[in-house]
Amino acid sequence: MPGTGDEERALGYVFLVLAIACEVVGTSLLKSTEGFSRLVPTAACLGAYALAFVWLAQAVKDVQVGVAYALWSGLGTAAIVAIGVTFLNEPVNAAKVIGIVLIITGVVVLNLGGAH
């Protein structure tokens, strides 16, 4: 029995979450590659990015491309900023916080604004 539209859309969002997670892992590993001069971190970074695109390609079968990309880039950016502040000792300031709030607000507005 084929899945319903809601089930397919839900699966698309599962794939999107996997894509975001892989992209965040890949981006988090960038610094440790030291300009792609270290083999293991480089291979892990590129592998994570490859998986991110595989999952994103699956997600856009059931999620509109604009919505998927907004969520992928916006939530990924917010996660990377949080990782940078928490684990990489990057400074946090008002401009950074406002920027992340605006990104998340934009993603929410896009989703609530009938982009589905």
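## A loop residue and a helix pair

Thr33 sits in the loop between α1 and α2; helices here are DSSP runs (H or I, at least four residues), numbered from the N terminus. This is a predicted model, in which local features need pLDDT of at least 70, side-chain atom pairs count only at pLDDT 80 or more, and totals for chains, interfaces and linings use all residues. Residues are numbered from 1 along each chain as its sequence is written, and side-chain values use heavy atoms, with hydrogens and water left out.

Let's compare two residues by accessibility, where buried means under 20% relative accessible area, exposed over 50%, and partly exposed in between (1.4 Å probe, protein chains only).

| Residue | Relative accessible area | Class |
|---|---|---|
| Thr33 | 1% | buried |
| Gly106 | 38% | partly exposed |

Leaving aside neighbours within four places in sequence, Thr33 is in contact (heavy atoms within 4.5 Å) with Arg38, Pro41, Thr42 and Cys45.

Now for the helices on either side of that loop. The axes of α1 (residues 5-29) and α2 (residues 39-59) come within 7 Å and cross at roughly 160°; axes are lines fitted to C-alpha atoms, for helices over the stretch in contact, and angles run from 0 to 180 degrees between N-to-C directions. The two helices are therefore roughly antiparallel, a term for angles over 145 degrees. Among the residues making the contact are Phe15 and Cys22 of α1 and Tyr49 and Trp55 of α2.

Gly106 belongs to helix α4 (residues 94-112). From Cys22, Gly106 is 84 residues away in sequence and 22 Å away in space, C-alpha to C-alpha.

Definitions and conventions:
Parallel < 35°, antiparallel > 145°, perpendicular 65-115°, else oblique.
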